[in-house]
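Okay, everyone, thanks for coming. Let me put the model up and then talk you through a few things.

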Amino acid sequence: MALNYQNPELTIITTEKDFEKVLQIRIKVFVDEQGYPLITETDEYHDPESTHWLLTAERNGERVPIGTIRMYPYIGKTVKLSRLALLPEARGLGYGQLLVRSLCSEAHARGLEGIAADSQVEKRAFYEKLGFVVEEGDEEPYDWDGAPHIKMWKRSLP
């Protein structure tokens with residue numbers, strides 16, 4: 001059930017305190033809810049070169065973290081969209097689209113030429129609505145930590 005959130009704010013994080021909020025959201029969504037191994041959220045392989053966004057909103061007069069997304073360098077002038085996570089009660093309110101569109105705008109502002117995403121197969125339609133496609137050669141789903149994923153691309157930015 002969606003809660004009443006107001007005044008969403010999306011920021012690129014710059015502090016360890018905000019990164020801890022991002023990590024808490026990712027653990028709640030990917031580890032606790034979806035059953036991924038904890039190491040997938042605590043492994044810092046991409047984080048030193050990543051840009052992380054934190055989405056907060058007001059609920060009952062208090063600003064609370066509700067979502068996150070990350071971007072890191074990929075191939076050439078492309079980046080990888082990764083770790084899109086919204087708390088269950090914040091889903092279905094357009095916040096996932098807000099996160100992806102903000103990442104796309106930032107990639108465009110940086111002069112990048114495309115975005116890749118390893119989408120969970122059941123989330124494919126969500127990404128398609130935002131202009132992502134499965135390119136030739138990427139049609140076959142693959143296993144990522146026990147869940148089927150598919151590679152998707154967005155070549156037209158923002």
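Predicted model: local features only at pLDDT ≥ 70, side-chain atom pairs only at ≥ 80, totals over all residues.

So, charges: I count 19 positive side chains and 26 negative ones in this chain. The centres of those two sets sit 5 Å apart.

The accessible surface is about 8600 Å², and carbon and sulfur atoms account for 49% of it. As for what's tucked away, 45% of the 158 residues are buried.

Now the fold. We've got 4 helices and 7 strands, and reading from the N terminus the order goes β-α-α-β-β-β-α-β-α-β-β. The radius of gyration is 15 Å, close to the 15 Å that the globule rule gives for 158 residues, so the chain is as compact as a globular protein of that length. If you box up the C-alpha atoms along the principal axes, you get roughly 50 × 35 × 30 Å. Also, take the contacts between residues at least 6 apart in sequence: 65% of them join residues at least 24 apart.

Which helix is R26 in? That's α1, which covers residues 16-33. Is R26 buried or exposed? The relative accessible area of R26 is 1%, and the cut-off for buried is under 20%, so R26 counts as buried.

And who does R26 meet in there? Skipping neighbours within four places in sequence, R26 is in contact with F19, V31, T40, E41, D47, H52, T68, R70 and R83. From that list, pick out E41: its side chain and that of R26 are joined by a polar contact of 2.7 Å.

Notes:
Residues numbered from 1 in each chain as written. Heavy atoms only, no water. Helix = DSSP H or I, 4+ residues; strand = E, 2+ residues; numbered from the N terminus. Buried < 20%, exposed > 50% of the residue type's maximum accessible area, 1.4 Å probe, protein only. Polar contact = N/O pair within 3.5 Å; in protein donor to acceptor, adjacent residues only side chain to side chain. Contact = heavy atoms within 4.5 Å. Rg over C-alpha atoms; globule rule 2.2 N^0.38 Å. Areas by Shrake-Rupley, 256 points an atom, 1.4 Å probe, with all protein chains shown as cover. Lys, Arg positive; Asp, Glu negative; His and termini not counted. Charge placed at Lys NZ, Arg CZ, Asp CG, Glu CD.
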